[in-house]
Amino acid sequence: MHAPRLRLQGPSGLVLLNTTGLRFEMQNEEGERVGLVGFENRTKDSVELYYSVEKPYRRRGFACGAAETACHWMFEEKDVSRIVAVVNKHNVASQKVLEQCGFAIHKIGAQLFYWEKFNPSLPGF
């Protein structure tokens, strides 16, 4: 039995196509695969965001567009109160993506920055 496929239309023609569970394939307007974005379960009401963009498509806004679209979907459809992300302290590009998507650093480790974003539709956020 196959998982149902879900298409999310993101900014500037970006399409997120559900491939397995909570993983989406990023596609550009031509239908070419440009990367992946997805979530791992953390707690009952919290998930961890991850994404990866193929080298030829980096620095074109795909990661930010996909992260924003996927987070919006997660908050709206899955009743999650918090999304977290973990980024190496030297990965400035991913830090900028998370900042642009409304994430804030909540913990700094020796090599990793821990980011979080709360569901804006919940009281107190």
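Okay, thanks everyone. Before anything else, please keep in mind that what we're looking at is a predicted model.

Let's start with the overall layout. How many helices and strands does the protein chain have? There are two helices and eight strands. If you walk along from the N terminus, the order is β-β-β-β-β-α-β-α-β-β.

A few totals for the chain. It has 125 residues, and 43% of them count as buried. The accessible surface is about 7,700 Å², with 49% of that belonging to carbon and sulfur atoms. And if you take the contacts between residues at least 6 apart in sequence, 43% of those join residues at least 24 apart.

Now, the inside. The largest nonpolar core has 30 residues, and the ones with the most contacts inside it are Leu-49, Ile-83 and Phe-103. Several elements put two or more residues into this core: β3, β4, β5, α1, β6, α2 and β8. Which of them gives the largest share? That's α1, with ten residues.

Skipping its neighbours within four places in sequence, Ile-83 is in contact with a whole list of residues, including Phe-39, Val-47, Leu-49, Cys-71, Met-74 and Phe-75. Phe-103 and Trp-115 are on that list too, and so are Glu-116 and Lys-117.

While we're on β6, have a look at its partner. β6 and β8 pair in the antiparallel sense over seven bridges, and at one spot Asn-88 stands opposite Leu-112 in β8. β8 also pairs with β7, residues 104-108, again antiparallel, this time over four bridges. There, Ile-108 stands opposite Phe-113. A hairpin of three residues takes you from β7 into β8.

Which of its residues are buried? Ser-94, Gln-95, Val-97 and Leu-98. Looking down the axis of α2, these buried residues fall within an arc of 160°, so they line one face of the helix. As a reminder, an α-helix has 3.6 residues a turn, so residues three or four places apart point the same way. On the other side of α2 you'll find Glu-99 and Gln-100, both exposed. And what covers the buried residues? Among the elements doing that are β5, α1, β6 and β8. Just past the end of α2, notice Gly-102, which takes a positive phi of about 90°.

Last topic: aromatic rings. The count comes to two aromatic pairs. One is Phe-24 with Trp-73, edge-to-face, at 5.3 Å centre to centre and with 80° between the planes. Phe-24 lies in strand β3 and Trp-73 in helix α1, so this pair ties together parts that are 49 residues apart in sequence. Are these two buried or exposed? Phe-24 and Trp-73 are both buried.

The other pair is Tyr-57 with Phe-62. Their ring centres are 6.0 Å apart and the planes sit at 85°, so this pair is edge-to-face as well. Tyr-57 and Phe-62 are both buried too.

Terms used. Residues are numbered from 1 along each chain as its sequence is written. This is a predicted model: local features need pLDDT of at least 70, side-chain atom pairs count only at pLDDT 80 or more; totals for chains, interfaces and linings use all residues. Side-chain values use heavy atoms; hydrogens and water are left out. Buried means under 20% relative accessible area, exposed over 50%, partly exposed in between (1.4 Å probe, protein chains only). Contact means heavy atoms within 4.5 Å. Accessible areas come from the Shrake-Rupley method with a 1.4 Å probe; for residues, only the protein chains shown count as cover. A nonpolar core is a set of buried Ala, Val, Leu, Ile, Met, Phe, Trp, Tyr and Cys residues joined through side-chain atoms within 4.5 Å. Two strands pair if DSSP finds at least two bridges between them. The arc is that of the directions from the helix axis to the C-beta atoms. Rings of Phe, Tyr and Trp (its six-membered ring) pair if their centres lie within 6.5 Å; planes under 30 degrees apart count as stacked, over 60 as edge-to-face and the rest as tilted.
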